[in-house]
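Below is a short briefing on one protein model.

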Amino acid sequence: GAQFEYHVDKDCKSILLISLLQENPEDRTLIFTRTKHGANRLARHLEKAGISAAAIHGDKSQNARQRALNDFKEEKLKVLIATDIAARGIDIDQLPYVINYELPNVPETYVHRIGRTGRAGREGKAISFCSPDEKGDLTNIEQLLGNYVTVLKTPKIAYKKPETNSTNSKNIQTKKEFTKPKPKNNSRRK
């Protein structure tokens, strides 16, 4: 399968994810998070955005996990969020999309994750969200793969809003049209 990455700030990952899922609502997508807490939080976030998703991890009962898996396999559920440990036992392959919402600390784990994208001649995509503090993990992954992961242009909606004390004040001017004018409450954020 093809491998892509977005450089995106931690706070903007969920916005980017929601927009990607909305672009491809028909495709089954397996999403990896590092932690159980992260998986639950993301599932709630997606539900709020009107995207039905289930999280599977070690704290869920075997029944709940199995039900989510079956729904995912039968395409009743399009989005499944998993931790690496929970995903180990999943016999799901040939997925159109695997999204690394958070990069794993161990490069080999990345290889296991993306191994679930389209096989048997079918093209699948593995998409990784890399925040600034995950750059080191990305470098280790690329060293293991022996090549670079293709960087995709991060859409405007997933840009971090510039801080008031930001040096690139030019940015603030150009971003104006994308954000509704807010009352000046910047002093509180410091």
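Asn100 has Ser128 in E6 as its bridge partner. This is a predicted model, in which local features need pLDDT of at least 70 and side-chain atom pairs count only at pLDDT 80 or more, while totals for chains, interfaces and linings use all residues. Residues are numbered from 1 along each chain as its sequence is written, and side-chain values use heavy atoms, with hydrogens and water left out. Helices (H or I, at least four residues) and strands (E, at least two) are DSSP runs numbered from the N terminus.

**Sheet**
- E5 and E6 pair in the parallel sense over four bridges; two strands pair if DSSP finds at least two bridges between them.
- H1 packs on the sheet and touches E1, strand E2 (29-32), E4, E5 and E6, where touching, or contact, means heavy atoms within 4.5 Å.
- The direction of H1 makes about 160 degrees with that of E6; axes are lines fitted to C-alpha atoms, for helices over the stretch in contact, and angles run from 0 to 180 degrees between N-to-C directions.
- The open sheet has seven strands in the order E3-E4-E2-E5-E6-E1-E7, with parallel pairing.
- E3 and strand E7 (150-152) are the edge strands, each pairing on one side only.

**Nonpolar cores**
- A nonpolar core is a set of buried Ala, Val, Leu, Ile, Met, Phe, Trp, Tyr and Cys residues joined through side-chain atoms within 4.5 Å; buried means under 20% relative accessible area, exposed over 50%, and partly exposed in between (1.4 Å probe, protein chains only).
- The largest core has 26 residues, and Leu17, Ile31, Leu46, Val79, Ile81, Ile127 and Phe129 have the most contacts inside it.
- H1 gives the largest share of this core, five residues.
- His57 lies in the loop between strand E3 (53-56) and helix H3 (62-73).
- His57 counts as buried because its relative accessibility is 2%.
- The side chains of His57 and Asn40 are joined by a polar contact of 2.8 Å; such a contact is a pair of N or O atoms within 3.5 Å, and within protein one must be able to donate a hydrogen and the other to accept it, with residues adjacent in sequence counting only if both atoms are side-chain atoms.

**Thr150**
- Thr150 is in strand E7 and counts as partly exposed because its relative accessibility is 41%.
- The C-alpha atoms of Thr150 and Ala2 are separated by 8.7 Å, with the two residues 148 residues apart along the chain.
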